[in-house]
Amino acid sequence: MIFVTGGAGFIGSNFILDWAAQRREPVLNIDALTYAGNAENLAAIAAAKDDGTYRFEQVDICDEAAVSALFATHRPRAILHFAAESHVDRSILGPAEFVRTNINGTFNLLQCALAYWKSLDADEAAAFRFLHVSTDEVYGSLGPDDAPFSETTPYAPNSPYSASKAASDHLVRAYFHTYGLPVLTTNCSNNYGPFQFPEKLIPLTITNALEGEPLPIYGDGKNVRDWLFVGDHCSAIALVLEKGRPGEVYNVGGMNERTNLEVVHTLCATLDALRPKPSGKYADQITYVKDRPGHDRRYAIDATKLTTELGWKPAENFETGMDRTVRWYLDNQPWVAHVKDGSYRHWIERQYADRGGADDATVEVLEGHPT
Ligand code: NAD
Ligand code: DAU
């Protein structure tokens with residue numbers, strides 16, 4: 001069996017659904033079900049898999065006794081570590097939880113995995129893997145003409161989120177060099193697709209557009225991200241698990257650099273085609289708001305190592321992935337309604353209150369703005 005931490009979140013749930021569709025190897029999902037964890041993402045598999053190939057344990061990754069007990073009971077051949085506090089804006093308003101989960105939680109998992117790994121026989125120990133899912137944000141911010149991030153780019157995190165992920169990456173690396181624990185690390189660019197919590201740019205834009213709400217653009221909207229469809233990230237992780245060399249880092253990226261304005265305009269145009277408004281265009285809802293502090297200007301990933309050494313290739317390009325994503329949100333309105341409950345609305349009020357909303361005189365409302 002494999003362990004997946006954070007399997008009720010956006011990428012973890014996509015990973016488990018893809019894994020279960022392709023193989024019979026059992027998965028144990030370890031998730032604390034924070035605001036970002038949603039058991040509903042896995043409802044289909046939980047109902048269909050009554051043969052024990054999917055199990056869920058509501059456990060905090062910082063809980064040493066509970067995590068150790070899971071290792072002892074289930075004896076996994078690998079742990080895939082997705083669980084994290086993952087939203088940059090939340091890390092600015094409340095960094096403590098990021099330090100706790102991303103640093104202390106990863107440390108606890110490494111300690112538990114190490115103790116378990118030492119108890120394995122030689123063949124099992126050689127086959128065991130600890131795969132740590134990380135982010136391109138640890139590398140900091142690129143200028144317009146800089147080369148994309150490679151696995152050897154020096155770390156330069158700029159937000160409490162990326163600093164906490166950087167710290168976790170360093171711990172993972174140290175457990176390989178110091179103790180020989182067979183670890184793998186992946187650093188991926190921005191994901192999008194089904195089941196993404198609507199506080200991140202793409203689902204926020206789609207759901208706000210449909211509700212007639214403002215579409216907030218931080219700063220000038222020209223920050224660049226390298227967008228990757230979530231299914232392609234999941235296929236990369238599965239490949240690294242099978243073929244990656246212990247101790248190595250693999251960058252995962254979409255080769256789809258877009259400004260935030262380009263992304264939002266693409267979403268608006270797709271919605272105009274699929275669900276036209278009675279009057280006007282969705283882009284009329286675009287609203288400029290105060291910038292994110294420490295906002296990284298550009299991310300871009302060089303995934304050459306993954307493509308050449310392991311043969312990974314993304315299945316979606318930006319246009320097909322965005323189309324799939326918009327259609328998924330249109331077809332899954334009950335999921336959106338359940339996710340946008342009281343706690344989420346409270347976050348949105350806090351997050352955008354001092355940025356200037358659509359009614360604020362300081363806000364420039366887009367009309368014919370160049371993309
Ligand atoms: P997410 O916020 O959607 O999900 C995180 C999951 O972790 C949730 O199910 C949550 O309940 C769980 N969790 C949080 N704290 C926990 C704790 N203490 N114990 C147990 N479970 C806990 O995140 P995501 O977008 O799916 O990201 C998954 C991983 O991928 C993260 O490590 C993130 O840093 C990394 N990553 C994300 C992206 C992206 O674009 N979303 C890109 C690159 C890397
Ligand atoms: O690069 C990988 C990272 O991508 C992951 O490690 C993080 O977990 C994930 O959340 C994501 O981080 P970003 O900060 O890039 O994602 P977010 O969707 O929050 O923002 C994307 C861009 O859009 C960013 O430049 C900020 C901007 N933005 C975001 C929001 C929520 C806006 O302009 N308006 C908004 O309302």
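Reader: In this predicted model, how far is an oxygen atom of ligand 2 from an N or O atom in the side chain of Thr135?

Author: The model is predicted, so side-chain atom pairs count only at pLDDT 80 or more. A polar contact is a pair of N or O atoms within 3.5 Å. For the side chain of Thr135 and an oxygen atom of ligand 2, the separation is 2.7 Å.

Reader: Which residue has a side-chain N or O atom 2.5 Å from an oxygen atom of ligand 2?

Author: Among the residues that come nearest to ligand 2 are Tyr161, Arg292, His295 and Tyr352. The side-chain atom at 2.5 Å from a ligand 2 oxygen belongs to another residue in that nearest group. That residue is Asp136.

Reader: What part of the accessible area of ligand 2 does the protein cover?

Author: Ligand 2 has polar contacts with side chains and also with backbone, where an oxygen atom of the ligand is 2.8 Å from a polar atom of Leu201. On its own, ligand 2 has 680 Å² of accessible area.

Reader: Which element gives the most to the shell around ligand 2?

Author: The elements that give two or more residues to this shell include α8, residues 201–211. By class, the shell has 10 nonpolar, eight polar and six charged residues. Three residues come from the element that gives the most, which is β8.

Reader: Which residue places a polar side-chain atom 3.0 Å from a nitrogen atom of ligand 1?

Author: Ligand 1 also has polar contacts with backbone atoms. One of its nitrogen atoms is 3.1 Å from a polar backbone atom of Ala32, and one of its oxygen atoms is 2.9 Å from a polar backbone atom of Phe82. The side-chain atom at 3.0 Å from a ligand 1 nitrogen belongs to Thr101.

Reader: How much of the area that ligand 1 exposes when taken alone does the protein bury?

Author: There are 30 residues around ligand 1, and the closest include Ile11, Asp31 and Ser86. Taken alone, ligand 1 exposes 830 Å². Of that area, the protein buries 96%.

Reader: Which element supplies the largest share of the shell around ligand 1?

Author: Elements giving two or more residues to this shell include the helices α1 (10–22), α5 (96–118) and α7 (160–179). The shell divides into 14 nonpolar, 11 polar and five charged residues. The largest share is three residues, and these come from β5.

Conventions: Residues numbered from 1 in each chain as written. Chains lettered and ligands numbered in written order. Predicted model: local features only at pLDDT ≥ 70, side-chain atom pairs only at ≥ 80, totals over all residues. Heavy atoms only, no water. Near = heavy atom within 4 Å. Polar contact = N/O pair within 3.5 Å; in protein donor to acceptor, adjacent residues only side chain to side chain. Areas by Shrake-Rupley, 256 points an atom, 1.4 Å probe, with all protein chains shown as cover. Helix = DSSP H or I, 4+ residues; strand = E, 2+ residues; numbered from the N terminus. Nonpolar A, V, L, I, M, F, W, Y, C, P; charged D, E, K, R; others polar.
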